[in-house]
Structures are given as structure tokens and as C-alpha cells.
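Subject: Structure handover and notes

Hello,

Here is the structure I said I would pass on.

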Amino acid sequence: MRIKNLVKSLVGIICLIHSFNLWAGEGENIQVLKKNDLILNASLRIVDPLTQTLRRGEDERKFISKISLIYGREDRTDLITKTDWTAEVIYKIEFFDEDYLRVGVPVEGNTLTLDFNKNNPIYQSTNVFDQIGTNYGNVKITITKVTYTGTAPNDLRLELSVTDQSLLLMPKNSNFVLNRNNNIAFWSFCKGAESYQLEWVYIDNKDINTVTNADQAFAYREPTRVITSNQYYEMNLTYPAGK
């Protein structure tokens, strides 16, 4: 069960949630389009229905989708010009459940740009979509526009990768403690955990009456999240009152 703590201070309320991540079930799928295939309506798709259901003992599933336009250092076999060039790819991304029914609406207008110039070259451009839930393992991206300036090399590629991670919630007996003297959070070791995830939300004075519990706090504000392999974390809780 998810454990939430409500901690009051002189400057407002800090709401804390803690869980740990078990990375043993992590897996990654990658699909690639090379430059000659970067055309309008070209697509990349990752279909992995086996990742759609929770594994035994798993509380949540997290999917990280990365879309990258890359001019890799391991490539560059056809760099024959010293002139500047740019490459831009615009795409939409869609997510599907295990029956390949679309989840939500497509996210359109996503842009990746490479810029080869003498002063500040950009060799990789990446967008990341980070979702928790079992309906994000099937992913499709579709190119809606490709633009080049100058003589862009052929050693360009568009990559779609999807990584899934198992998330397990901290048990009630994890002995979570926040030391208010030094703002260090401590918790017990959890068998099988390779890292721990700690989240907190700050609610300022003017919203204290509006937000009265941790569930409301995490729905009201975007939390701060850290991941650590230690069983403690020193939190920076310096927040202004009423801001």
C-alpha cells in the first residue's frame, strides 16, 4: 500500500510519498529508421503485448519512450563537407493498449533538430515520454515533416526505444522517518530493491486550507522526485512562505 506522510512546518506543508523500484524486470525495445527512410508518413512501431499486464508482485509499470534523431559518433563515414547543415524531424506519437486500441489522443508537433555548425554542433536530439500504467507499452510514431538545410550526411537515424520498469511500493513496515532538524529522510532496506524513489510536494500558506491531505496535495502540485540507491536522502526544504 502506498504510504503518505503529511508534515507541517512554519512555512507550509510538505507532503511525502515514498516507494522503491525493482529493476530486475526492466527491458528495452528499439526500432530505427535511417535517413533514406525519413519521409512523410514513415513510422516506427513497438508492439510488446507481454509487457501490458502486471508481473507477479508488481504494483505499477513504468514505460519510458525515447525518440531520438542521431548523427552518431560511431557513424560519420560520409562527412565530406565542412559546411553547416541542419536536419529537423517533426512527428506525432500514439500509445495503445494490449488490444492495440489507442489510449488517449495522439501527441503531435514533437520536434527533433540536429545542427552541424563550427561553433556549437548538435549531434543528438531526444524527446522523452515518461508514463506509469500498463497501457503505454505499445508505441507508434509517425513523421509529419522532414526538413534539411545544407548538405546533411546520410549517417542520420531516427530511433524509437521503449523501456519498461517494475515499480513496487514501500511496505508499511519500512520505518520511514523524516528528521525535521536536518531534513534527512531515512527508511529501511527493502529486499530486492536496487534503488528508491522519493517524492514530495510543497503547499504554501495560501493553499493550506484548500489542500488538507496528501492525496489532494499530489493532485494539486507537480511533485519533486529523486531516485537514490541509498537508504537516506537530505531534502532541500527551503521554501518561501505564501509564495
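This is a predicted model: local features need pLDDT of at least 70, side-chain atom pairs count only at pLDDT 80 or more; totals for chains, interfaces and linings use all residues.

Overall picture

The protein chain holds one helix and 14 strands. Of its 243 residues, 44% are buried.

As background, nonpolar side chains in soluble globular proteins tend to be buried together. The largest nonpolar core here has 27 residues, and those touching the most other members are Ile67, Trp85, Ile93, Ile141, Leu158 and Leu160. Two or more residues each are given to this core by β3 (43–46), β4 (60–70), β5 (85–96), β6 (102–116), β8 (138–149) and β9 (157–169). The largest share, six residues, comes from β5.

What does Ile93 contact, leaving aside its neighbours within four places in sequence? The list is Ile67, Pro106, Val107, Asn110, Phe129, Val139, Lys140 and Ile141. Of these, Ile67 and Ile141 are also among the core residues that touch the most other members.

Another core, of 13 residues, lies apart from the largest one; Phe176, Trp187, Tyr196 and Trp200 are among its residues.

Strand β4 and its partners

β4 is worth a look on the screen. Nine of its eleven residues are buried, so β4 is largely enclosed by the rest of the structure. Which strands pair with β4? One is β9, which runs antiparallel to β4 and is joined to it by eleven bridges. Within that pairing, Ile64 has Thr163 of β9 as its bridge partner. The other is β7 (residues 124–132), also antiparallel to β4, with nine bridges between the two. Here Leu69 stands opposite Ser125 of β7.

When you look at which way the side chains point, recall that in a regular strand they alternate between the two faces of the sheet.

Salt bridges

The count comes to three salt bridges.

- Arg102 with Glu94: the closest N and O atoms are 3.0 Å apart. Glu94 is buried, at 7% relative accessible area, whereas Arg102 is partly exposed, at 46% relative accessibility.
- Glu159 with Arg157: the closest N and O atoms are 3.0 Å apart. Both Glu159 and Arg157 are buried.
- Glu199 with Arg225: the N to O distance is 2.8 Å. Glu199 lies in strand β12 (residues 195–203) and Arg225 in strand β13 (residues 224–228), so this pair ties together parts that are 26 residues apart in sequence. Glu199 counts as buried because its relative accessibility, 10%, is under the 20% cut-off. Arg225, at 37%, counts as partly exposed.

A patch on the surface

Val177, Phe186 and Tyr232 make a nonpolar surface patch of about 280 Å². Val177 sits in strand β10 (residues 177–179). With a relative accessibility of 43%, Val177 counts as partly exposed.

Two asparagines with positive phi

Asn41 has a phi near 75 degrees, a positive value in a residue other than glycine. Asn41 is in the loop between β2 (12–34) and β3. Is Asn41 buried or exposed? At 57% relative accessibility, Asn41 counts as exposed.

Asn183 is not a glycine either, and its phi is also positive, at about 60 degrees. Asn183 is found in the loop between β10 and β11 (184–186).

Regards

Conventions
Residues are numbered from 1 along each chain as its sequence is written. Side-chain values use heavy atoms; hydrogens and water are left out. A nonpolar core is a set of buried Ala, Val, Leu, Ile, Met, Phe, Trp, Tyr and Cys residues joined through side-chain atoms within 4.5 Å. Buried means under 20% relative accessible area, exposed over 50%, partly exposed in between (1.4 Å probe, protein chains only). Helices (H or I, at least four residues) and strands (E, at least two) are DSSP runs, numbered from the N terminus. Contact means heavy atoms within 4.5 Å. Two strands pair if DSSP finds at least two bridges between them. Patches are made of residues with over 30% relative accessible area and no salt bridge: like charges are joined within 9 Å, nonpolar side chains (Val, Leu, Ile, Met, Phe, Trp, Tyr) within 5 Å. Accessible areas come from the Shrake-Rupley method with a 1.4 Å probe; for residues, only the protein chains shown count as cover. A salt bridge is a side-chain nitrogen of Lys or Arg within 4 Å of a carboxyl oxygen of Asp or Glu.
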